2 protein chains.
Amino acid sequence: MFGSVSPRYAPLTTDTVVDYVRSRPELRTIFYDRDVIEAVEVGDGNLNLVFKVWAQDDPQRTIVLKQALPYVRLVGDSWPLPTDRARIEAQALEIHGRLVPQHTPKVYFFDPEMYLTAMQNLNDHLIMRKGLVQGVTYPHFANHIGLFLARTLGSTSDLVLDYRTKKLEVARFINPELCKITEDLIFVEPYRQHERNRYHPEIEPQVLALQADVALHAEVADLKEKFMTQAQSLLHGDLHTGSIMVNQRETYVIDPEFAFYGPMGFDIGAVIGNLLLSYASHEVRTKDPTQRAAFRRYLTDTIVQLWRVFVREFQPVWDAVDPIDMPPAYQQAYMRRVLQDTAGFGACKMMRRIIGLAGVEDIRGIEDVTDKSIAASLSLNMAVALVKGRHQITRIEELVDIATGCRPTYPWTG
Amino acid sequence: MFGSVSPRYAPLTTDTVVDYVRSRPELRTIFYDRDVIEAVEVGDGNLNLVFKVWAQDDPQRTIVLKQALPYVRLVGDSWPLPTDRARIEAQALEIHGRLVPQHTPKVYFFDPEMYLTAMQNLNDHLIMRKGLVQGVTYPHFANHIGLFLARTLGSTSDLVLDYRTKKLEVARFINPELCKITEDLIFVEPYRQHERNRYHPEIEPQVLALQADVALHAEVADLKEKFMTQAQSLLHGDLHTGSIMVNQRETYVIDPEFAFYGPMGFDIGAVIGNLLLSYASHEVRTKDPTQRAAFRRYLTDTIVQLWRVFVREFQPVWDAVDPIDMPPAYQQAYMRRVLQDTAGFGACKMMRRIIGLAGVEDIRGIEDVTDKSIAASLSLNMAVALVKGRHQITRIEELVDIATGCRPTYPWTG
């Protein structure tokens, strides 16, 4: 599973990718022999090559090829990474495609020797994070992602799968190396001095205070333990707004290479945590108070609505269980735990983006350093309040109230 | 993993077992060509053949062969059961033998085609349950089992194993069919009308009241979910007093075929729940009040002591973690959760033994039906109090107090 690379493996280039495409029978209905095929490498992630490929005289005939590199691209070959993640991603996409085809890119094939998946080119869609940075609203996003979460998390849990299938799926999606990245980058490094942390110096006093907060460490340890031990559902595993492609009509979830069996709240929290990072960023990104309030209202409405849709679309799962085995009091406690986990994991996702190795454009893309510090300070305050306050949360509005009740500490007074 | 039976597989008989023993090179240092080898089948469990084999003129040269049957022996071949459990058991014994050799039978070999393990014959030891029924005390048991639990549970958790080994071990010990037995017999059937339940009619009013207790169902559902999702440690999985062989000097844990990655409290609760069943049984089994009080004092002292030893022997695990990642407040919360899980799982183990398919001699072996009803009634009251009261337990003495504060409801008044 983590062994050497296949002998047939070779990273594609914009030169070799065209021949590769022509060699695949699965693509004969998309590209014809007479086509001039063009390709460009667009991977801006850390782990993979991503090629967009199209027919020169008909750019609507286009696909994406995603090929795993055997190391972390951002760091180089000093950080090897198993190509098995390409299999995990292809198998997760297959499951998502079955459960929520309207929100999953169509997969043409997976090449297990090249660690490569050929899939729909979402040419008419934008990485959601880029839209949010610009203050664009997506009116259907909450409904779409709420449905995506309910279907993918509910249908892969013990509540739906039979006992044997669930356990074999847990084994199939054992994903140690990618989970380890999360364990380190999200649950360990931000809360201590670590060479991979990359916060900007102006925010250091608040980072040091957070790193000295033992009560916070205990809460984060609890969440890390849950991440490492609770095989509740097949997670996407990296569901931030950079893994979501949107436009005004549609929403697609991409890149489930971190998929594994973990706690539902980790995926839901990833979405909400990143919406809250956007909320914090517009403290400074949108200078007009009316515009700012309107966009933030969109973000908080989206959080409330996506949770409501999640709960509503989860209801058929509960309707199908035996109420003697799982009475309503249990069902309510279950959903409350998922909500509290959501708050905790979302908060950890926020802190890692401010302090840790991999930042987000929402915050780190702010050019003015005072503005950036204000947004970062607000993000950290929201996150700490959520982690510590999560045990009392019983309704999504309370999660939103905790976050939106925070103010930036920067600039420091006194 | 769950496929057909190996073509070389044949259930041994007392006739064929001797030739099998002679054919195994691993046993050449135990049995010699000149020996007359004798064998008897002693399996009183439900799932396996167990042969004791010895040299006629030197019975100290003896082994046990345990061979898995492809069905549940108690029910017959209408309930097929995968022989893969023999592999699971052999691999768990190998791990236990490494961690606590003094409490694990020596394994000579595992035959993967016969689903058979050859191991030490614990000829000088008694199944602990039989001793407890007779009121025998085992002065070293608490220390031994506390150490066994700390070593086997601590050393197989994420607290000790590296991230990759732990996850691959979770996959290796995926054990769906045996877990399903637990899920059904311990967490589902006792709490509802079910054809496999086997309580005696006199206790029915209390059983029906328990089965109508929706708050209890919610708690049991919570514990079942934890059993099914929390991959905390490699559990023995069936650690009742029938899986423990003792004498006045030694303690051995046998039969880990239910092994899988689950919550620590399930194993600790199995031990404590069965000690509490013994406690309940001596309400009627020991008529003399002084004798009864003394034996019960032994049982409750044992519960307190085994937990204290568990905590003490677990301490090296905590001493080795980084206190920034896992501060003392987290460590204490972790152990408190294990204690609360212990109370909940122990209670479920008690209820299934009174109501469900497989009883225990402690209770079902009581001949007088009034006496049996009193002991069963007391057991159920203790269990319900523990399940419902577990969230408030912070010390082992509180667990004991909850249990020993209960009285039997039978005979019914009013």
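## Strand pairing and the sheet

In this predicted model, strands E6 and E7 (residues 116-120) of chain B pair in the antiparallel sense over four bridges, where two strands count as paired if DSSP finds at least two bridges between them, and where helices (H or I, at least four residues) and strands (E, at least two) are DSSP runs numbered from the N terminus. Within this pair, Phe110(B) stands opposite Thr117(B) of E7(B).

Both strands belong to an open sheet of five strands in chain B, with the order E1-E2-E3-E7-E6 and antiparallel pairing. Strands E1 (37-41) and E6 (107-111) of chain B stand at the edges with a single partner strand each, so that one side of each is left without a neighbour in the sheet. From one strand to the next, the twist averages 20°, angles being taken from 0 to 180 degrees between N-to-C directions, with axes as lines fitted to C-alpha atoms, for helices over the stretch in contact.

## Helices on the sheet

Helix H1 (residues 16-23) of chain B lies across E1, E2 (48-55), E3 (58-68), E6 and E7 of chain B and runs at about 125° to E1(B). Helix H2 (residues 84-99) of chain B also packs on the sheet, where it touches E2, E3, E6 and E7 of chain B, and its direction makes about 30° with that of E7(B); contact means heavy atoms within 4.5 Å.

## A helix pair

Helices H4 (residues 141-154) and H10 (residues 289-320) of chain B pack at an angle of about 35°, their axes being 7 Å apart. The residues of this contact divide into 13 nonpolar, five polar and two charged, with Ala, Val, Leu, Ile, Met, Phe, Trp, Tyr, Cys and Pro counted as nonpolar, Asp, Glu, Lys and Arg as charged, and the others, Gly among them, as polar.

Val387(B), in helix H13 (residues 369-389) of chain B, is buried with a relative accessible area of 0% (buried means under 20%, exposed over 50%, partly exposed in between, with a 1.4 Å probe and protein chains only). Apart from neighbours within four places in sequence, Val387(B) is in contact with Leu216(B), Glu219(B), Gly344(B), Ala347(B) and Met351(B). The C-alpha atoms of Val387(B) and Ala347(B) are separated by 6.0 Å, although the two residues are 40 apart along the chain.

## Basis of the values

Residues are numbered from 1 along each chain as its sequence is written, while chains are lettered from A and ligands numbered from 1 in the order in which they are written. Local features need pLDDT of at least 70, side-chain atom pairs count only at pLDDT 80 or more, and totals for chains, interfaces and linings use all residues, whereas side-chain values use heavy atoms, with hydrogens and water left out.
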